[in-house]
Amino acid sequence: MNLRKIGAAFGTAIDVAAWDAVGAEVDLSCAGMFAREPAGSLTGGLAHLDTALQGKLLQLRREGHFRGRLGECLLIAAPPQPLAAKRLLLVGLGEPEGWSTACLEEAMRAAATFALALGADSAAFAPGMLDSGIPAAATAGAPGHMVDGLVSALRSHRRLQQLGLAGPPALRRWTFDVGAARLEQAAQQFQDKLAATADTGS
């Protein structure tokens, strides 16, 4: 498995792996999805996920059970094989028109907050931008916003714990999913952002 460790925040180890939402070997696999695809159809990892779910990913959105609104979450508690994860979380990225990578902070915070509330031991997030037809040039800065969202959720949980309103988090590991061709570059971007982030509980 192609995996790069990039650091830790509030006791949760963080790494980057070259896998998608189907292959993520974690307790909770999170997949980002827009309200609709600007390119008209899914490609890459999201197409792989829809195939693994026998078309039910797009069916759930068509039926309105998951609309892809920014920060919206839908848990699939018993995903079928070949999904490697025990559970799957769909995370809304919003409308593609006028979208920017800054939206990933809210989506990432929602995913991490859900993982913490669920008591997941490990989780991964596949943003699904390129798979939805977002141009590569429009994804610049994505790692930074995703790190901000994750750290924000972990920081809030730590504060709840300090106030006696939550127990210690079960989340030991968080993985950011990337394509194999972008692994080294993305890992460095995630690592640089994490290193520059203040107050990570370390």
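A polar contact is a pair of N or O atoms within 3.5 Å; within protein, one must be able to donate a hydrogen and the other to accept it, and residues adjacent in sequence count only if both atoms are side-chain atoms. Here's one: the side chain of Thr 139 reaches the backbone oxygen of Ala 136 at 2.7 Å.

Some ground rules come next. This is a predicted model, where local features need pLDDT of at least 70 and side-chain atom pairs count only at pLDDT 80 or more, while totals for chains, interfaces and linings use all residues. Residues are numbered from 1 along each chain as its sequence is written, and side-chain values use heavy atoms, with hydrogens and water left out.

**Two threonines**

Thr 139 sits in the loop between β6 and α4. Helices (H or I, at least four residues) and strands (E, at least two) are DSSP runs, numbered from the N terminus. Leaving aside neighbours within four places in sequence, Thr 139 is in contact (heavy atoms within 4.5 Å) with Thr 101, Met 129, Leu 130 and Ile 134.

Thr 175 belongs to strand β7, residues 173–177. Its side chain makes a polar contact with the side chain of Asp 15, at 2.5 Å. Setting aside neighbours within four places in sequence, Thr 175 also has Val 16, Trp 19 and Phe 125 among its contacts.

**Who is covered up?**

Buried means under 20% relative accessible area, exposed over 50%, and partly exposed in between (1.4 Å probe, protein chains only).

| Residue | Relative accessible area | Class |
|---|---|---|
| Thr 175 | 0% | buried |
| Thr 139 | 15% | buried |
| Asp 121 | 29% | partly exposed |
| Leu 160 | 38% | partly exposed |

Leu 160 from the table is in helix α4, residues 142–162.

**Helix α3 and what follows**

How far apart are the end C-alpha atoms of helix α3? They are 23 Å apart, which agrees with the 22 Å that its 16 residues (103–118) should span. That expected span is 1.5 Å times one less than the number of residues. Buried residues in α3 include Leu 104, Ala 107, Met 108 and Ala 111. An α-helix has 3.6 residues a turn, so residues three or four places apart point the same way. The buried residues of α3 pack against β3, β4, β5, β6, α4 and β7.

Just after α3, Gly 119 takes a positive phi of about 80 degrees. Asp 121 lies in the loop between α3 and β6. The C-alpha atoms of Asp 121 and Trp 174 are 8.9 Å from each other, although these residues are 53 places apart along the chain.
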